[in-house]
Protein chains: 2
Amino acid sequence: MRINYNELKETFKKILKTRGFTEERATEAASVFADNSRDGIYSHGANRFCRMIKYMDEGTIDPKAEPTETVSFGAFVRMDGHRGFGPTNAKVAMDKACDLAKEYGIGIVALGNTNHWLRGGSYGWQAANRGMIGICFSNTTANMPVWGGKDPKIGNNPLIVGIPRSNGKNVVLDMAISQYSYGKIEQTKLLGEQLPYPGGFDTKGNLTCDPVEIEKSQRALPIGYWKGSGLSLVLDMMATVLTAANDVQAISNFDLEIGLSQVFIAIDPTKGSSVEDTDARVSRIIDDIKSSIPANEGTKIYYPAEREVKTREDNLTNGVPVVDEVWEQILKLL
Amino acid sequence: MRINYNELKETFKKILKTRGFTEERATEAASVFADNSRDGIYSHGANRFCRMIKYMDEGTIDPKAEPTETVSFGAFVRMDGHRGFGPTNAKVAMDKACDLAKEYGIGIVALGNTNHWLRGGSYGWQAANRGMIGICFSNTTANMPVWGGKDPKIGNNPLIVGIPRSNGKNVVLDMAISQYSYGKIEQTKLLGEQLPYPGGFDTKGNLTCDPVEIEKSQRALPIGYWKGSGLSLVLDMMATVLTAANDVQAISNFDLEIGLSQVFIAIDPTKGSSVEDTDARVSRIIDDIKSSIPANEGTKIYYPAEREVKTREDNLTNGVPVVDEVWEQILKLL
């Protein structure tokens, strides 16, 4: 079914308020879930809502906790997330990074002891909507072997870069370091299909497009083989050192994927240039790639997040798609 | 042959001084070439020296130009590289970023109108040797199609992350966004071999390990397919917007790969933690990946730049390998 965006958001908000969220934080948290579904990231929108409420009910996530500053030095701030709700924690952190960037040109917030931020792209959008370049990354539980290894040791540590455009059509790269998420691998398996490109190793150690084999071997592939493996490592090192909190190994020792370390960097491009100049430079690059000779007849070229904007427009007009059973489950929480 | 490291450096220095480098800048520039060969990055060391001198002699690189600050706001500085020698320009920029990080916790320098920095890892090492986390990236000429396109439109824009360790064994990721460099592709072709993993598309549009086919199609592959394509794009956008200088498209319109845009970010990890704390956290992550079950019997796990340190130790003891003809060419420049 398709639910009106505002109805979806209000429903989330009502439920969150019953879990101890204040009016303001309930609005923010509800927006995160509703916006993710609105933009087509259903797995981190309505589909994830009931699980998050369950974590709150079980005490895994403290719905009342808010991040506090533990270190502040110039354009650097460290925050303790007190195991609160990941998306509102992340939002506070990126907002602070943007404030710092306004004051210093660049700002960084290292947020430890937080929880899953759901869709990392949200915080790239958040920075870009404030006219800032936003860079953020999170560590995760170990879900891939390091290059040359067999057992899961590194995270798929998502990396996000948001670039502002004053027309609101921001460029937002939201990229996990794994070639495919385990969600995508499972979905492909359930459809009885093969992945379009190799996504991991089979149990014999050969590259494979077969989701069944990858689930068996638990050897999902980092992007660019050894390169993504190295990138995952340095992201974890930066997140851990700057937060002085949990690394991938520590998180993997918890029962659930909690207590994450995240870094938020904002850069104010107007310190050296005008908004118009930034717009012109970004549009010039977009126009250039769109002028590519298509690889196959009819292939369209998209910049990162372009399709999300199209989905957003459709979902705002025609309602946000929500799986019937998911909506039923959500309504039961009211 | 193997040349003593100091002899190599002194030879470079003597030649650079004849091209208008001051004593100090000649020392710095000579170190870059010598260190790159010393660490095993021969393609960006001795092997590249004669070509760089040729560029200076032809006026493509101005050996006397030094970067100047054009914008300074808090922790953000923009520099104009005046088409000077790339590695000394980059060194000045990363040094300034580290100074800013000391003052503000984080610092950023956007350097436009510069030239090829040779080995990007140098500046990750530079920051880490000062106890800083260093992040830097450069745009390049267009050398890969964007995802979905056929003709070269995006750069392999190298991304570097350096993590400091007080024992000097820094972790330095130095990663171009292409799966393989064209240098590696050509070398593999000359050896009559195949790439170990697909490195591009053949002329029919299928993924291939065949270097001959990739040279024909000019369709080298970004890491992680669409992911690396997006990463390359946002790196170019950031570099272009923050420097207000050339994007990949503009650079591609020059006859040579010149006038690049680069960004240098430094973060001081001691603002929130001690050096000992950083060391312990980084070592813990390294120890964990080293405890992996090897993918194949005897496979060793390395962290980024670990093997460079081993090569360095060997080359300092036994001399730096230089191809005979290359050394002859270099000596002719004296």
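**View 1. A:Asp210 sits in the loop that links strand E11 (207-208) to helix H7 (211-217) in chain A.** Keep in mind that this is a predicted model. A:Asp210 counts as partly exposed, because 18 C-beta neighbours lie inside 10 Å and a residue needs 20 or more to be called buried. Leaving aside residues up to four places away in sequence, A:Asp210 touches A:Gln194 and A:Asp202.

**View 2. Chain B laid on chain A gives an RMSD of 0.0 Å.** Getting there takes a turn of 180° and a shift of 0.0 Å along the axis. The two copies are therefore related as by a two-fold rotation axis.

**View 3. Where the chains meet, 68 residues of chain B are in contact with 68 residues of chain A.** On the side of chain B that touches chain A, the elements that each supply at least two residues include strand E2 (68-73), helix H4 (86-104), strand E9 (171-175) and helix H10 (275-290). The largest share, 12 residues, comes from H8(B). By residue type, this side of chain B splits into 37 nonpolar, 17 polar and 14 charged. The copies meet through the same surface, because 100% of the interface residues of chain B are also interface residues in chain A.

Methods:
Residues are numbered from 1 along each chain as its sequence is written. Chains are lettered from A and ligands numbered from 1 in the order in which they are written. This is a predicted model: local features need pLDDT of at least 70, side-chain atom pairs count only at pLDDT 80 or more; totals for chains, interfaces and linings use all residues. Helices (H or I, at least four residues) and strands (E, at least two) are DSSP runs, numbered from the N terminus. A residue is buried if 20 or more other C-beta atoms lie within 10 Å of its own, exposed if 12 or fewer, and partly exposed in between; C-beta atoms are placed from the backbone. Two residues are in contact if their C-beta atoms, placed from the backbone, lie within 7 Å. Copies are superposed by least squares on the C-alpha atoms of residues with pLDDT of at least 70 in both. Ala, Val, Leu, Ile, Met, Phe, Trp, Tyr, Cys and Pro count as nonpolar, Asp, Glu, Lys and Arg as charged, and the others, Gly among them, as polar.
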